[in-house]
Amino acid sequence: MDFGLWLVAFGGTILFGVQLGILIAVVASLGAIVVRSSRPHHATLGRLPGSRIYRDLRRYPGSATVPGVAIFRFDAELHFANKDYFYAAALAAVEVSRAA
C-alpha cells in the first residue's frame with residue numbers, strides 16, 4: 001500500500017508539477033487512511049489449552065472457545081467509518097460461537 005502511495009505521489013509530481021503532485025499525494029494518503037480505518041483487523045478469541053491466554057482462533061487452531069461466550073477483539077477505534085463493519089463482524093463472531 002505504501003509503495004502504491006509513493007507511485008501516486010511520484011507520478012503526480014512528474015505529470016502535474018510539484019504543487020499539484022503534493023496535493024494529489026496528500027489526497028491519496030487521506031483516502032488510504034479512511035480505507036484502512038474502515039476495515040480494521042478483528043479476531044474471535046479462544047483459550048489456549050492449559051493456560052489463561054486467549055488468542056485468535058484463525059492463527060491458533062488449537063485454541064478452544066468458551067461455551068456460550070463470544071470473545072471478540074476489534075483492533076481499531078470504533079467510529080462512523082467502521083461501525084457497519086464492526087457490527088457485521090461482531091454478529092458473525094456470535095453466530096460462529098452459537099454454532100460451536
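These are my notebook entries on a predicted model of one protein chain.

**Ground rules.** I number residues from 1 along each chain as its sequence is written, and I leave hydrogens and water out, so that side-chain values use heavy atoms.

**Fold outline.** I looked up the secondary structure and found 3 helices and 3 strands in the protein chain. From the N terminus, the order of the elements is α-α-β-β-β-α. Helices (H or I, at least four residues) and strands (E, at least two) are DSSP runs, numbered from the N terminus.

**Overall dimensions.** The C-alpha trace spans about 60 × 25 × 20 Å along its principal axes.

**Surface and burial.** Of the 100 residues, 20% count as buried.

**Charges.** I counted 10 positive and 6 negative side chains, and the centres of the two sets lie 7 Å apart. Lys and Arg count as positive and Asp and Glu as negative, with His and the chain ends not counted. The place of a charge is NZ of Lys, CZ of Arg, CG of Asp or CD of Glu.

**Salt bridges.** I searched the whole structure and found 4 salt bridges, each being a side-chain nitrogen of Lys or Arg within 4 Å of a carboxyl oxygen of Asp or Glu. One of them joins D2 and R36, with the closest N and O atoms 3.1 Å apart. D2 lies in helix α1 (residues 2-16) and R36 in helix α2 (residues 18-38), so this pair ties together parts that are 34 residues apart in sequence. D2 is exposed at 55% relative accessibility, and R36 is partly exposed at 43%.

I also looked at R58 and D56, whose side chains meet at 3.8 Å, N to O. R58 is exposed at 56%, whereas D56 is buried at 5%. D75 and R73 form a salt bridge at 2.9 Å, N to O. D75 is partly exposed at 39%, and R73 is partly exposed at 33%.

**A43.** I found A43 in strand β1 (residues 42-47), buried at 0% relative accessibility. Leaving aside neighbours within four places in sequence, A43 is in contact (heavy atoms within 4.5 Å) with D56, R58, I71, F72 and R73. A43 and R58 are 15 residues apart in sequence and 7.9 Å apart in space, C-alpha to C-alpha.

**S38.** I placed S38 in helix α2, where its relative accessible area of 16% makes S38 buried. Not counting residues up to four places away in sequence, S38 touches A81, N82 and Y85.

**Contact range.** I took contacts between residues at least 6 apart in sequence, and 40% of them join residues at least 24 apart.

Definitions and conventions:
Predicted model: local features only at pLDDT ≥ 70, side-chain atom pairs only at ≥ 80, totals over all residues. Buried < 20%, exposed > 50% of the residue type's maximum accessible area, 1.4 Å probe, protein only.
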